[in-house]
Amino acid sequence: MLRTAAIAAAGAAVAACLYALTRRPRLAFDLPGTMSAIVARDAACTVATVPTPQPAAGEVLIQVRATAINRLDVMQRRGKSPVPKGVTEVLGLEAAGIVVATSSAAFEVGDEVLALVPGGSYAEYVAVDATTVMRKPRSMSWAEAASVPEAWLTASLNLRLANVSPGETVLIHAAASGVGVASVQLARAAGARVLVTVGSAAKLELAQSLGASGGALRHDGPWLEAVRAAAPGGKVDAVLDCVAGAYAEQNVEALGVDGRWVLYSLFSGPEMPEGLAKGFLATLMKKRVQLLATTLRTRSRPFKKELVDAFAAQVLPHIGSRFHHVIDKEFDGLASAQAAHDYLESNANAGKVVLKVSQL
């Protein structure tokens, strides 16, 4: 009886130890209590000292080597996009680095990873749900890995929503942006014909080098006739739109019957031209156009997990071979965050803008 009790007690002790190990983050080293990070103050990127995040259950802590600049970061900094409830005020939506603490069985300390994050990547460390973390391909640089998640996952989601079929024609706005560069290639991989709008002849040349058949320069004025001339039958089957209001009327005219209009940002604002607004819904009904508004940042954990898993299996291994990732410019150090934002806002970039955080 005593022996049985002793065995039971020993088993309970082992179980308690295992439980503690699974609940307590595994650490690479003693983490600092505070870290440097970028927050928005008076509409500017400001270096601040903030508490180092601790990984909760199912999370990993990444020592950030690099992050990338996104339009949503700019909107957050300017006070035009509120931080979702429960998300850190530290800027940044994607990162690449080394796992230094983990409360997830999916990753080990020392793993090199890239991640989609809801916020917090303009920092020395970021804690992130392991379901949106991917292993970094050996062939990728830190800058490349850091600037892949937001653009390529957004493009993947948009193409999925557009339900593009082989032989269809897709119109992609801002095709030289990070999302645009990814979208052109993924649409071509789906067998679609791609037309684009861009801001310069050099950007149009880039889009065509990635598979676009043609397009229009926005600085030349309305692009509708150029797209009609290039599209079979004068109509497109889907539009991937981050511009919104200023392009709404032309989008409606360019789309054919049963067209899909994927709206994923509001660069020019949400207001439509007055003439279009009055008959907008009737026009959609007449053409049976589907208006599909979407965001990625506020999607649910299961949704993001499925999207990330599919991307990691089907697309990520081919970036650098079948697919080309474009980086326009790299900035060094957190103190350069505002300069990186200014550059993105100038619309000079063709591809991603990267912020290198740590060289360690």
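I began in the loop between S2 and S3, where I found alanine 43. This is a predicted model, so I read every value below as computed. Phi of alanine 43 is near 65 degrees, a positive value in a residue other than glycine. Is alanine 43 buried or exposed, or something in between? I noted a relative accessible area of 42%, so alanine 43 is partly exposed.

I then looked up other positive phi values. Arginine 288 has one of about 55 degrees, and arginine 288 is not a glycine either. I located arginine 288 in the loop between helix H9 (274–287) and strand S14 (290–293).

Which residues of helix H11 (residues 337–345) are buried? I wrote down Ala337, Ala340, His341, Tyr343 and Leu344. They cover an arc of only 160 degrees around the axis, so they sit on the same side of H11. A reminder to myself: an α-helix has 3.6 residues a turn, so residues three or four places apart point the same way. Next I checked what the buried residues of H11 pack against. The partners include strands S2 (34–41), S3 (44–51) and S4 (59–69), along with helix H2 (71–77). Strand S15 (327–332) and strand S16 (352–356) are also partners of these buried residues.

Serine 147 was my next stop, in the loop between helix H3 (142–146) and helix H4 (149–162). Serine 147 counts as buried because its relative accessibility is 0%. What does the side chain of serine 147 reach at 2.8 Å? I found the backbone oxygen of alanine 143 there. The side chain of serine 147 also makes a polar contact with the side chain of histidine 325, at 2.8 Å. Leaving aside neighbours within four places in sequence, I listed Ala68, Glu94, His325, Ile327, Lys352 and Val354 as the contacts of serine 147.

From there I moved on to leucine 157, which lies in helix H4. With a relative accessible area of 2%, leucine 157 is buried. Which residues is leucine 157 in contact with, once its neighbours within four places in sequence are left aside? My list reads Thr294, Thr295, Leu296, Arg299, Phe303 and Leu307. I also compared leucine 157 with glycine 191: they are 34 residues apart in sequence and 17 Å apart in space, C-alpha to C-alpha.

S7 gives the most, with five residues. By class, I noted twelve nonpolar, eight polar and six charged residues in the lining of the second largest pocket.

How many cavities of 30 Å³ or more did I have to log? The count comes to one. About 40 Å³ of space lies in the largest cavity. I recorded its lining as Leu93, Leu116, Val117, Pro118, Glu150, Leu296, Arg297 and Lys304. Five of these are nonpolar, none polar and three charged.

Note on methods
Residues numbered from 1 in each chain as written. Predicted model: local features only at pLDDT ≥ 70, side-chain atom pairs only at ≥ 80, totals over all residues. Heavy atoms only, no water. Helix = DSSP H or I, 4+ residues; strand = E, 2+ residues; numbered from the N terminus. Buried < 20%, exposed > 50% of the residue type's maximum accessible area, 1.4 Å probe, protein only. Polar contact = N/O pair within 3.5 Å; in protein donor to acceptor, adjacent residues only side chain to side chain. Contact = heavy atoms within 4.5 Å. Arc of directions from axis to C-beta. Nonpolar A, V, L, I, M, F, W, Y, C, P; charged D, E, K, R; others polar. 1 Å grid on protein atoms, 1.4 Å probe; cavity = no way out; pocket = protein on both sides within 12 Å on 5 of 7 lines; lining within 4 Å. Points joined across faces, edges and corners; volume = space filled by probe spheres on them.
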